[in-house]
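Morning, everyone. Let's take a quick look at some helix packing and a ligand site.

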Amino acid sequence: MSNAGPQSAVVRFDLPDLASMRKFGYFLGTLLKSGDVVALNGDLGAGKTTLTQAIASGLRIKDDVTSPTFTLIQEYSGKIPMFHIDPYRLTDNSEMYDIGLEDYFERDGIIVIEWADKILDFLPDKRLNICIDIPAHSDTEEQRILTLEGEGELYITLVNPLEKKYPEIAQRRTARANS
Ligand code: ADP
Ligand code: MG
């Protein structure tokens, strides 16, 4: 029997509360390797910065991670450096050239981007996409749905270990047909 295989899976995680989001992000942080790019999307208040903070804790970053609102990129040192990009207030994409965004992708470190869709053209194809949704009809204020999308090696090193760690909240969304 053949199924779609793990090459481009989309996996949904149904996180019940803030504490589970923090654990999830922490574990993701422990899995990340230099060169990994994490692209976050989701509405204001969905939890992109919160997830970035949790990832940073998994990377043993000691400094407080805040929204780099006026700097676009904030650099943190830990087990591996983390570059946190937040283009929320970006009005002109040329600013991304001005700060030399491309150079960050060549550097030793992990890149986490909030509002990734705003600068999609600048991002490498090889990235872990995470979309955070607040369910419309939820009994609690803290429930979040995370949709992770990572192909090939990113699936194997990041998404699949998360699936295995949290089988009770993970749900495979696509079984893409081979073509
Ligand atoms: P964003 O960066 O996406 O705008 P933030 O992380 O700054 O969002 O804010 C998310 C807010 O929602 C925080 O105040 C956080 O405490 C709250 N929150 C409640 N439940 C969760 C959860 N499960 N995950 C993330 N944030 C949560
Ligand atoms: Mg934010």
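Axes here are lines fitted to C-alpha atoms, for helices over the stretch in contact, with angles from 0 to 180 degrees between N-to-C directions. Helices are DSSP runs (H or I, at least four residues), numbered from the N terminus.

A word on the source. This is a predicted model: local features need pLDDT of at least 70, side-chain atom pairs count only at pLDDT 80 or more, and totals for chains, interfaces and linings use all residues. Residues are numbered from 1 along each chain as its sequence is written, chains are lettered from A and ligands numbered from 1 in the order written, and side-chain values use heavy atoms, leaving out hydrogens and water.

Which residues of α1 meet α2? Among them are L18, M21 and F24, and on the α2 side L51, A54 and I55 are included. Contact means heavy atoms within 4.5 Å.

Next, α1 (residues 18-31) and α5 (residues 153-165). Their axes come within 10 Å and cross at roughly 140°. That makes α1 oblique to α5. F24, F27, L28 and L31 of α1 make the contact with T157, L158, P161, L162 and K165 of α5.

Now ligand 1. An oxygen atom of ligand 1 is 2.7 Å from an N or O atom in the side chain of K48. A polar backbone atom of G47 is 2.9 Å from a ligand 1 oxygen.

Notes:
Helices (H or I, at least four residues) and strands (E, at least two) are DSSP runs, numbered from the N terminus. Angles under 35 degrees count as roughly parallel, over 145 as roughly antiparallel, 65 to 115 as roughly perpendicular and the rest as oblique. A polar contact is a pair of N or O atoms within 3.5 Å; within protein, one must be able to donate a hydrogen and the other to accept it, and residues adjacent in sequence count only if both atoms are side-chain atoms.
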